[in-house]
Amino acid sequence: MKQYKWIWILAAAAVILCGVFFIVDAMLTDKEERAAIGGPKTLFSFDSTLTRRIEIDNEDGHFRFDWNTEALRWELTSEEQFTINAQVVATICNYFCSLQSEKTVVFDAEDTTQFGFDHPVTVKVYTTETGEDDPYVLYVGDNTPTFDAYYVMVEGSDDIYTINYSMGSIFCVAKDTLKGVYLFDAFSTQVNYYRLERGGKTIVELTRNEQNEWGMKQPVDFPVYRSEIENMINNLVRITVTDFVEENPSDLEQYGLEEPYAKLLIKGVTSDGTDAEEILFGNPCSEETNETKMYGYFTKSKQVFKVLRNHMVFLDADAEAYIEPYCVDINIEDISAVHVDLGDIYDMNCTLHIDYANGQYAFNDIDIDAFESTELSEQFQTYYRELSTLRFTELALDAKPEGEPAATIPYDLLSGGKRVLSFIPESSNNYYVMLDGEYTGKTIRLNRFTGTGGISKFYDALVRALDAIK
């Protein structure tokens with residue numbers, strides 16, 4: 001009998017344990033199912049290339065962006081106009097089209113105000129599939145107390161979700177973040193016009209022709225130093241605004257923009273289709289001696305901004321920075337001789353005979369090649385190079401030189417005739433540069449001839465080398 005009693009006790013215990021197991025399992029399953037229901041969820045999923053319009057409503061206003069299918073770019077089409085940061089708009093589009101929640105905070109919420117939905121940021125995305133009447137709509141409320149997520153809701157649902165904080169910040173974009181930050185948002189090769197003014201006077205005006213070559217319109221149609229222009233434009237298109245200060249200012253004088261230090265007009269094709277931008281540059285942002293920023297102003301969008309002063313060195317450049325820097329531009333293959341007579345400037349009176357095609361050179365009546373000296377040949381070539389690349393110092397366009405030349409450097413051309421470079425004194429240490437008897441608008445300092453880096457140094461080195469080898 002005791003055996004049967006124990007059998008019944010064990011059977012009853014097994015039944016109880018099974019019951020407990022099924023209850024616990026049911027509770028765990030329900031908990032897992034509820035956790036799954038409240039877990040990550042796909043809010044939107046569609047091909048971003050189908051997007052045709054994005055609308056954002058926030059405390060800064062209403063912003064509408066349409067995709068230009070021909071130009072392949074985002075364009076601001078709402079009432080208020082400014083140059084946009086197309087990359088920010090593209091990021092909003094990409095985040096929106098594959099948006100997932102982190103979890104569901106409230107199902108069928110009745111009171112959404114505590115989550116910030118009484119004043120949400122509203123983002124609407126229109127695609128070719130939804131048309132103009134049925135966009136995808138996202139409402140963004142407050143960020144969570146721990147600042148690791150944002151509360152969101154979608155059109156047609158009363159559930160409240162959280163999304164990643166960085167994504168929420170993108171959707172809660174400030175107006176200033178939507179603005180383009182480049183002075184001129186284009187590749188350097190797309191810039192075709194540049195004009196700099198200072199003190200109400202045009203300092204330099206540059207244009208690019210159909211052959212993609214830069215030329216100078218003002219102050220004079222000089223041959224230009226193209227590599228220097230390209231370098232300046234490359235730097236210019238990389239400069240960005242550091243801060244946006246004020247829109248539609250009523251008082252430009254407080255920024256030094258009423259009578260600006262400089263005015264820049266630049267033309268070309270930008271990422272948003274802009275073809276021209278006029279920019280004023282005014283005062284440093286404070287009177288501190290170490291102030292690093294200055295004020296600028298986009299005249300088209302009427303926006304005052306700040307920019308780093310050390311990025312704006314081109315504002316101080318004069319026209320000569322972009323002019324071919326040489327007194328004369330003659331190719332060595334086009335000449336047969338160079339005669340140098342520096343007169344009273346320096347004891348330098350010689351002739352360089354040039355046969356570039358055959359590699360034959362002579363100094364006065366001395367055959368350089370006859371010595372078969374690499375060092376001597378290099379000294380001769382260095383001296384000729386310094387002569388042919390003699391650089392002017394400054395422009396003096398309104399000057400009217402008078403008097404006889406103090407020095408001359410005539411070039412004999414293989415085609416016949418001469419090009420005569422001459423120098424008329426302007427002062428005791430400065431000379432007007434003349435070419436074939438006509439004033440070039442350029443001046444040259446005495447130290448270009450006799451200074452530590454002047455041509456006299458290389459002439460003396462050649463003479464010493466000849467004396468040593470004879």
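Tutor: Start with pLDDT, the predictor's confidence in each residue, from 0 to 100. This is a predicted model, where local features need pLDDT of at least 70, side-chain atom pairs count only at pLDDT 80 or more, and totals for chains, interfaces and linings use all residues. Residues are numbered from 1 along each chain as its sequence is written, and side-chain values use heavy atoms, leaving out hydrogens and water.

Student: What pLDDT does the protein chain average?
Tutor: The average is 88, and 91% of the residues score at least 70. Over residues 20-24, though, the pLDDT is below 50, and beyond near neighbours in sequence this stretch has zero contacts in the model (contact means heavy atoms within 4.5 Å).

Student: Why is Phe96 called buried?
Tutor: Buried means under 20% relative accessible area, exposed is over 50%, and partly exposed is in between (1.4 Å probe, protein chains only). Phe96 has a relative accessible area of 0%, so Phe96 counts as buried.

Student: What makes the pair of Phe96 and Phe171 edge-to-face?
Tutor: Rings of Phe, Tyr and Trp (its six-membered ring) pair if their centres lie within 6.5 Å; planes under 30 degrees apart count as stacked, over 60 as edge-to-face and the rest as tilted. Here the centres are 6.1 Å apart and the planes at 85°, so edge-to-face it is. The pair links distant parts of the chain, with Phe96 in helix H2 and Phe171 in helix H3, 75 residues apart. (Helices, H or I of at least four residues, and strands, E of at least two, are DSSP runs numbered from the N terminus.)

Student: And what kind of aromatic pair do Tyr361 and Phe380 form?
Tutor: A tilted one: 5.5 Å centre to centre, with 40° between the planes. Tyr361 lies in strand S19 and Phe380 in helix H6, so the pair ties together parts 19 residues apart in sequence. Both Tyr361 and Phe380 are buried.

Student: How do you know that Lys267 lies over the face of Tyr193?
Tutor: The rule wants NZ of Lys or CZ of Arg within 6 Å of the ring centre and within 35 degrees of the ring normal. Lys267 is at 4.7 Å from the ring centre of Tyr193 and lies over its face. Likewise, the charged end of Arg53 sits over the ring of Tyr126, 5.9 Å from its centre.
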